[in-house]
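Please look through the sequence and the model shown here before reading on. The briefing is meant to be read with both in view.

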Amino acid sequence: MPVENSTSDRHEDFVALYVRHEPAVFSFVLGMVGRTADAEDVTQRASMTMWRCFDQYETGTNFRNWAFQIAKNEALNHLTKARRDRHVFGEKLIELLAKDYGEEAEKLDARRRALDSCVKKLPEDEHEIVSGCYAEGVTIRSYAKQKGDSANKFYKRLNRIRAKLHHCIERQLGLEEQVIR
Amino acid sequence: MNDRDLKDLIDQSLNETIGEDDLRALEQRLIEDPVSRLYYLKSINLHASLRHRFSVKPNPGNVLSFINHFFTIRRVLLAVAASLVLFFGIFSLWIPSRSVGEVAQVVGAYRDNGVAYEIGEAVEPGSIFISRGLLRLDFSNGARVTLEGPAELEVFNESRIVLRRGLVTATIPESAVGFVVDTISAHVVDLGTSFGVSVRENGQTKVCVFDGEVEVSSSKTSGVSKLTQLVREGEAVRTKVDSSVIDSVSYETAQFENAWPVNYGVLQTTGSMRFVSPGPNFHPGNYEDNEHIVVFPEKRDFKASESIRVDMIDPGEYEKSHYDEKPTLVPNRAMTSYLLQLDAYPEGKNPNRRRSVRGQITFANPIVGVVTEDRLLNQSEVVFGIPGADYPSARTIEPRPEGDQRPGFDKLILTADRHSLILELRENPGHLDQVRVLVEAD
């Protein structure tokens, strides 16, 4: 049936676009909501909204900008709710972050690609810590407990590993070292 | 604040150990300084990329394959429906006097001799009279008709009834397209839909289409040709005994609000609970009602191919629980889904008012699961939601934490017989309370 075929094609179009941009959407959301588990929930919700509203997306226009807009609204909804219990970023900062992320998105994509080779260069013990702490459903705290060590130790080690990866990415991209030391 | 401090704050934020004051300090710094903001975004990007790289995620294609699944299921159902029509069609030629359906629901419906109707009774061609109450007839071809008393109905066969007086709501699946409701002044032919018909003492007939479309013609001929009008969802018409004209009238569903839910397995709603007749462009996202907990029917008799995580399965009062403790419903269990919603929006002189809205809903079949938390609502929506509907997000039910004496929490009780749900929701302007109720299929 033609209607169903076109829906199915549309579905494939959506999946192809979404898969390509999902890492950016997740990163965009994480910067706003702060907590990884929350960012995963918000990203999942946003993806559902995107699918439902995919009719409104005009083929050929910038999917990422469209996806960011939806993700930002989902993040704002989440923050409104979370604000009852604890302090979260306010709307003013969210707007600034959304604007900056939109402008920097391509550079941030390049950094993500550069990260791949940097991760491969990590010594074995550091690689193990990163892959352990960043596995799905794992928190640094739960990883530390599993290893029978203090969470504090892992926080510090991860801070150092991230700084190392940060510098590696800058070198890869031939960028000047940041002023931040 | 120096750069060392900024890096510390960002690290604490990434490690999720940052305190309130530090988070405020970080926020202030990021608002004021674009360079810090850029550094923050790079750090977040690194953190997110690591998570993305090392977490084994389900392929989004799989997540969205549910959506494909809808279409496959529909195709299978159509095939089954078509074969049923064939089967019953042939069967009906062999047996002259036969049952054409059965009484599926009874809500205080009595015959004129005072004898109550009972669920499971066969419906045979002939007259049905009820002095009061509601009676749902499920015809063998899949058509569901709920009659509200006082009413008088003549059943010809599974595809044709004559409503002499009173009111019916009909839900007609594909297998029963062409179902006819005749009245003294109108001939109503269903074209795959749900609709309501009411007949007054004077024969005046009103036809209100909730979904799909019907063809209405006047019983009185005008000259040689009969007048016929196509009535689409969200439209209503009226016919009179002494005129061949079909008048368009305003779409008002209030008179059908008792009978209509029974078609969907909802026996009764009380208090502020209100079952909504789907009108044009109907979906939860664009439906605002400050006064009622509205009930939207979702998928009916649907079997999920995966297990469904819910917040509550046992009778009693709802309490918050951790994700991992939540019960799951096994796959391939046929269920019907309903979404209950209170959408409080700021209004009038007192935009911050906090009233409680209470209501009770009683289903014909037992409730097997209740979903209240946002995450589980999203998950179950993919399976039971109306495809293509706009579901709002950030929904929340706040039960009273144990030992908390403050006013202003939501209450949700599943009754011991599992047929009713009692809700007391605290209005919170700008916030949306939603509950999905999964009920055993027929």
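What follows is a short briefing on two chains, grouped by topic.

This is a predicted model, in which local features need pLDDT of at least 70 and side-chain atom pairs count only at pLDDT 80 or more, while totals for chains, interfaces and linings use all residues. Residues are numbered from 1 along each chain as its sequence is written, and chains are lettered from A and ligands numbered from 1 in the order in which they are written.

**The two chains**

- Chain A has seven helices and zero strands, where helices (H or I, at least four residues) and strands (E, at least two) are DSSP runs, numbered from the N terminus.
- The secondary structure of chain B, by contrast, comes to six helices and 27 strands.
- Of the 181 residues in chain A, 33% are buried, and of the 442 residues in chain B, 39% are buried; a residue is called buried if 20 or more other C-beta atoms lie within 10 Å of its own, exposed if 12 or fewer, and partly exposed in between, with C-beta atoms placed from the backbone.
- Among the contacts with a separation of 6 or more, residues 24 or more positions apart account for 61% in chain A and for 58% in chain B; two residues are in contact if their C-beta atoms, placed from the backbone, lie within 7 Å.

**Where the chains meet**

- In the interface, 48 residues of chain B are in contact with 61 residues of chain A.
- The elements that give two or more residues to the side of chain B that touches chain A are α1 (3-15), α2 (20-32), α3 (34-54), α4 (60-94) and α6 (374-384) of chain B, and α3(B) gives the most, with 17 residues.
- By class, this side of chain B has 20 nonpolar, 14 polar and 14 charged residues, where Ala, Val, Leu, Ile, Met, Phe, Trp, Tyr, Cys and Pro count as nonpolar, Asp, Glu, Lys and Arg as charged, and the others, Gly among them, as polar.

**Helix α1 of chain B**

- α1(B) has 13 residues and reaches 18 Å from its first C-alpha to its last, close to the 18 Å expected at 1.5 Å a residue; the expected span is 1.5 Å times one less than the number of residues in the helix.
- The buried residues in α1(B) include B:Leu6, B:Leu9, B:Ile10 and B:Leu14, and the buried residues of this helix pack against α6 (140-147) and α7 (151-172) of chain A together with α2 and α3 of chain B.
- After α1(B) comes B:Glu16, which lies in the loop between α1 and α2 of chain B and has a phi near 60°, a positive value in a residue other than glycine.
- B:Glu16 is partly exposed, with 15 other C-beta atoms within 10 Å.

**A five-stranded sheet in chain B**

- An open sheet of five strands in chain B has the order β15-β23-β26-β25-β20, with antiparallel pairing; two strands pair if DSSP finds at least two bridges between them.
- The strands β15 (266-271) and β20 (316-317) of chain B stand at the edges, each with a single partner strand, so one side of each is left without a neighbour in the sheet.
- Strand β23 (residues 356-363) of chain B pairs with β26(B) over seven bridges in the antiparallel sense, and B:Thr362 stands opposite B:Ser420 in β26(B).
- Strand β25 (residues 411-414) of chain B also pairs with β26(B) in the antiparallel sense, over four bridges, with B:Ile413 opposite B:Ile422.
- In a regular strand the side chains alternate between the two faces of the sheet.
- In β26(B) (residues 420-426), the covered face has B:Leu421, B:Leu423 and B:Leu425, whereas the uncovered one has B:Ser420, B:Ile422, B:Glu424 and B:Arg426.

**Loop and backbone details in chain B**

- B:Thr183 lies in the loop between β7 (180-182) and β8 (186-190) of chain B, and B:Thr183 is buried, with 25 other C-beta atoms within 10 Å.
- B:Asn332, in the loop between β21 (328-329) and β22 (334-343) of chain B, is exposed, with 9 other C-beta atoms within 10 Å, and B:Asn332 has a positive phi of about 65° although it is not a glycine.
- A cis peptide bond, with omega about 0°, joins B:Gly149 and B:Pro150, and B:Pro150 lies in strand β5 (residues 144-157) of chain B.
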